[in-house]
Amino acid sequence: MPRINPVELATADTGVQATLGAVKAKIGMVPNLFATFAHAPAVLNGNLAFADALGSGVLTAAQREIVALAVAQYNSCHYCLSAHTLPGKGAGLSPEAIRAARLGKGQDPLDDAIATLALRIVETRGHVTDSDLSAARLAGLDDARIVEIVGNVAHNVLTNFMNNVAQTKIDFPVVDVAVAA
């Protein structure tokens, strides 16, 4: 049971109704995370704007999902693991690539560098070492990708923490937090 219930669209103020209506029009539903963020419209709008901005960056949709899955696994965010597995598949990640991402790994050298760096950023709270960055660069990550990985990690930490605090009801196909062997 959620500790913070989602805002009901019918009783929300008109600005929140418009924002959540736009979400529904774009993706076909209003995820419980967004309806929970709606208690604080500044957070809802900031989250959506940040996600849109990151979506137009240099990382591909699959690479952004790799970051999301690695971070969600580290933060034990059941909601985000479930929410990002579906679009991960839609972005072209195989079940093996999704499993690898959850373990902080990738299926090719570039995706492996992305997953590894994302995991190191969250593990160290941003205090990565010079050797972490050197390894990322040697694997093909330029400064633009490194900065976007940091941005995607930060965005996913926000959603992970919100879901972990609120115990948001999962409204996607449920994925177990434990990684299958």
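**Salt bridges, core and pocket**

Guide: Arginine 120 and glutamate 123 join their side chains in a salt bridge, 3.2 Å from N to O. Bear in mind that this is a predicted model.

Visitor: How far apart are arginine 120 and glutamate 123 in helix H7?
Guide: They sit three residues apart in H7, so about one helical turn separates them.

Visitor: What else does arginine 120 form a salt bridge with?
Guide: Aspartate 132, with the closest N and O atoms 3.2 Å apart. That pair links distant parts of the chain, 12 residues apart: arginine 120 is in helix H7 and aspartate 132 in helix H8. Aspartate 132 is buried, because its relative accessible area of 16% falls under 20%.

Visitor: How many salt bridges in the whole structure?
Guide: Five. One of them pairs aspartate 142 with arginine 145, at 3.1 Å between the closest N and O atoms.

Visitor: Switching to the core. Which residues touch the most other members?
Guide: Phe34, Leu141, Ile149 and Val153, out of 44 residues in the largest nonpolar core. H7 gives the largest share, eight residues.

Visitor: What does phenylalanine 34 touch?
Guide: Leaving out residues up to four places away in sequence, Leu20, Val23, Ile27, Leu44, Asn47 and Leu48.

Visitor: And the largest pocket, what volume?
Guide: About 880 Å³. Of its 30 lining residues, Phe34, Ala51, Glu65, His84 and His155 are the closest to the centre.

Visitor: How does the lining divide?
Guide: 18 nonpolar, eight polar and four charged.

Definitions and conventions:
Residues are numbered from 1 along each chain as its sequence is written. This is a predicted model: local features need pLDDT of at least 70, side-chain atom pairs count only at pLDDT 80 or more; totals for chains, interfaces and linings use all residues. Side-chain values use heavy atoms; hydrogens and water are left out. A nonpolar core is a set of buried Ala, Val, Leu, Ile, Met, Phe, Trp, Tyr and Cys residues joined through side-chain atoms within 4.5 Å. Buried means under 20% relative accessible area, exposed over 50%, partly exposed in between (1.4 Å probe, protein chains only). Helices (H or I, at least four residues) and strands (E, at least two) are DSSP runs, numbered from the N terminus. Contact means heavy atoms within 4.5 Å. On a 1 Å grid over the protein atoms alone, a cavity is a set of points where a 1.4 Å probe fits but cannot get out, and a pocket is an open set with protein on both sides within 12 Å along at least five of seven lines; lining residues have an atom within 4 Å of a point. Grid points are joined across faces, edges and corners, and a volume is the space filled by probe spheres set on the points. Ala, Val, Leu, Ile, Met, Phe, Trp, Tyr, Cys and Pro count as nonpolar, Asp, Glu, Lys and Arg as charged, and the others, Gly among them, as polar. A salt bridge is a side-chain nitrogen of Lys or Arg within 4 Å of a carboxyl oxygen of Asp or Glu.
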